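Subject: Structure for your review

Dear colleague,

I am passing on the structure below, together with an account of what was found in it. Please read the notes with the structure open beside them.

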Amino acid sequence: MKKISAAFDGLKFSESTLAYSIALSKAAKAVLSGVFLESFLYHSYRLEGIIGKEGALQAKIKQHMREDKKIREHSHKLFEAACKKAKLMYSIHCDLGITMLEVIRESVYSDLMIVNNNDTFSTVEQPKPSLFIYELLSESKCPLLIVPKKYHKIENIIILYDGRPRAVNAIKMFHHLFPLMKNLPIEVISVSAVNKQSENPDKELMDEFIQCHYPQANTVELMGEPKELILNHIKHANLGSLIVMGANQRSWVSRFFNPSFAENVLENVNIPVFIVNS
């Protein structure tokens, strides 16, 4: 049996993360772990918004903390009720610590970590992908599924192949987790850069590999600048698509100043992205 973990912000509970987690756990026949990241550094309020006299300030903070606790408990109940309705085996982890450290620790013991592309675990608004996602991409110890704000049933799979082992590894991991998705329409996209040999030296091996795992897949070969062509192609994908891709494992600082293709994809699409770092 597999274990899928879903990371939740208990103060801003994501219905789409819940929906994707339930659907994919049923498809994989997996145990679903709801990971509620409840850092002591993160609250629904800002101190500058409740500043007053010392006694009044302490009373306001205690009141807000009680309200936060109720909101988080309600999020736990929503998750539990959904799992029971779906008849899934589940667990609830309330991780009280530094958010990133806790989610990385959970990823060590998970086959897949699901997280929402819009989650920040902060009161400060951030563009997507957030700093939280940037760091998780470089530090996660298991494959990630980054999901959008709204849920759509998965109806087809888009595999991005760049001729490198990391892409093949992502396909292996995805097939291991969701073998029955081979029955969905599958598109394998590869790109050859202009002025370079159009034939990938491992093309025959890759074709054989895809034939073994996804015999009905449709292969699309594009010629030109890889990032631009792929982004233009997947921008027009229907909302029921899911992208499978490999990525380089780099530090979050490196990713922040020099965004990788994975971040470009997350910034430009509103569909789930399955990412494996290597």
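A residue is called buried when its relative accessible area is under 20%, exposed when that area is over 50%, and partly exposed in between, computed with a 1.4 Å probe on protein chains only. The model is a predicted one, in which local features need pLDDT of at least 70 and side-chain atom pairs count only at pLDDT 80 or more, while totals for chains, interfaces and linings use all residues. Residues are numbered from 1 along each chain as its sequence is written, and side-chain values use heavy atoms, with hydrogens and water left out.

Overall content

The protein has 278 residues, of which 49% count as buried. Its secondary structure consists of nine helices and 10 strands, where helices (H or I, at least four residues) and strands (E, at least two) are DSSP runs numbered from the N terminus. Taking a contact to be heavy atoms within 4.5 Å, residues 24 or more positions apart account for 82% of the contacts with a separation of 6 or more.

The nonpolar cores

By a nonpolar core I mean a set of buried Ala, Val, Leu, Ile, Met, Phe, Trp, Tyr and Cys residues joined through side-chain atoms within 4.5 Å. The largest such core has 42 residues, and those with the most contacts inside it are Ile-157, Phe-174, Phe-178 and Phe-274. Helix H5 gives the most to this core, with six residues. Once residues up to four places away in sequence are set aside, Phe-174 touches Ile-157, Met-181, Tyr-214, Leu-242, Val-244 and Phe-274. Apart from this core lies another, of 36 residues, among them Leu-37, Val-103, Leu-231 and Ile-234.

Helices H5 and H6

Helix H5 (residues 165-177) packs against helix H6 (residues 203-213) at an angle of about 10 degrees, with the axes 12 Å apart; axes here are lines fitted to C-alpha atoms, for helices over the stretch in contact, and angles run from 0 to 180 degrees between N-to-C directions. The two helices, H5 and H6, are therefore roughly parallel to each other, given that angles under 35 degrees count as roughly parallel, over 145 as roughly antiparallel, 65 to 115 as roughly perpendicular and the rest as oblique. On the H5 side the meeting residues are Val-168, Ile-171, Lys-172 and His-175, and on the H6 side they are Met-206, Phe-209, Ile-210 and His-213. By class, this contact has five nonpolar, two polar and one charged residues, with Ala, Val, Leu, Ile, Met, Phe, Trp, Tyr, Cys and Pro counted as nonpolar, Asp, Glu, Lys and Arg as charged, and the others, Gly among them, as polar.

In the loop between strand E6 (156-161) and H5 is Arg-164, which counts as partly exposed at 44% relative accessibility. The C-alpha atoms of Arg-164 and Gly-246 are separated by 8.7 Å, although the two residues are 82 residues apart along the chain.

Aromatic pairs

The structure holds 10 aromatic pairs; rings of Phe, Tyr and Trp (its six-membered ring) pair if their centres lie within 6.5 Å, and planes under 30 degrees apart count as stacked, over 60 as edge-to-face and the rest as tilted. Phe-8 and Phe-13 form a stacked pair, 4.9 Å centre to centre and with 15 degrees between the planes. Phe-8 is buried at 0% relative accessibility, and Phe-13 is buried at 16%. The rings of Phe-8 and Phe-36 are also stacked, since their centres are 5.2 Å apart and their planes are at 20 degrees. Phe-8 lies in strand E1 (residues 3-8) and Phe-36 in strand E2 (residues 31-37), so this pair ties together parts that are 28 residues apart in sequence. Ring pairs link Phe-8, Phe-13, Phe-36, Phe-79 and Tyr-90 into a cluster.

Ser-33 is placed in strand E2 and is buried, with a relative accessible area of 0%. Leaving aside neighbours within four places in sequence, Ser-33 is in contact with Lys-3, Ile-4, Ser-5, Ala-6, Phe-79, Ser-91 and His-93.

Seven of the 10 residues of H3 are buried, so this helix is largely enclosed by the rest of the structure. The cover over its buried residues includes E1, E2, strand E3 (90-95), strand E4 (112-116) and helix H4 (131-139). Arg-105, found in helix H3 (residues 99-108), is partly exposed, with a relative accessible area of 46%.

With best regards
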